[in-house]
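Let's take a walk through a protein chain together. Have a look at the picture first, and then we'll go from the whole to the parts.

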Amino acid sequence: MKANEFRVTNFVDYNGEMFPIIFIGLDSVVLIRKDQSTSTVKLDRIKPISITDKILLSCGFKKRKSCFGYWIYEIMFQHTVFSVEEVDLGLCYFYIGNTHVTQTRYVHELQNLYFSITGEELVFSSTEP
């Protein structure tokens, strides 16, 4: 993983647990735990988190079946529908309205897409996705 792939608040996997990033250095990040303690971790020790049904639902997406048999997850922001279509093997397509924007596999990518378009963080209903 490279430092330029992340933003502060992105969730990553470290030793099988999910943590938000609170600082990004050249070769490491600082993660914060639920108890508010922090850990500095080398970038080669963290992993991306795959997008799952549970994660999408926890940040407010609503689930519905598409006419092609795929699951679609939708969330509204200022009268605009953002949707994620689960296609195959963890690959998801990201849409704004009916326009395909990109494909993604990982939570930090989804967080970054949502933020770059809306200027707001994708909020999870719990302290971790």
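What follows starts with the overall build and then moves along the strands and loops.

A word on ground rules: this is a predicted model, in which local features need pLDDT of at least 70 and side-chain atom pairs count only at pLDDT 80 or more, while totals for chains, interfaces and linings use all residues. Residues are numbered from 1 along each chain as its sequence is written, and side-chain values use heavy atoms, with hydrogens and water left out.

Let's begin with the parts list. The protein chain has 2 helices and 10 strands (these are DSSP runs numbered from the N terminus, H or I of at least four residues for helices and E of at least two for strands). Along its principal axes, the C-alpha trace spans about 45 × 30 × 25 Å.

How much of the chain is buried? Of its 129 residues, 41% count as buried (buried is under 20% relative accessible area, exposed is over 50%, and partly exposed is in between, with a 1.4 Å probe and protein chains only). As for contacts, meaning heavy atoms within 4.5 Å, residues 24 or more positions apart account for 35% of those with a separation of 6 or more.

Now for the strands. Strands of a sheet pair through backbone hydrogen bonds, either parallel or antiparallel. Here, an open sheet of 5 strands runs in the order β4-β3-β2-β1-β5, with antiparallel pairing (two strands pair if DSSP finds at least two bridges between them). Its edge strands are β4 (38–42) and β5 (46–47), each pairing on one side only. Strand β1 (residues 11–14) is joined to β5 by 2 bridges, and Y14 has I46 in β5 as its bridge partner.

Between β4 and β5 there is a loop, and D44 lies in it. Is D44 buried or exposed? It counts as exposed, because its relative accessibility is 67%. The C-alpha atoms of D44 and C59 are separated by 27 Å, although the two residues are 15 residues apart along the chain.

Further on come two hairpins. In one of them, β6 (residues 62–65) and β7 (residues 71–77) run antiparallel, joined by 4 bridges, and R64 stands opposite I72. This hairpin has 5 residues between its strands, and G69 in the turn has a positive phi of about 95 degrees. In the other, β9 (residues 91–96) and β10 (residues 99–104) pair in the antiparallel sense over 5 bridges, with Q103 as the bridge partner of Y93. There are 2 residues between these strands, and G97 takes a positive phi near 60 degrees.

One more stop: the loop between β7 and β8 (80–88), where you'll find Q78 and also H79. Most residues other than glycine have a negative phi. Yet phi is positive for Q78, near 45 degrees, and for H79, near 65 degrees. Q78 is exposed, with a relative accessible area of 61%, and H79 is exposed too, at 80%.
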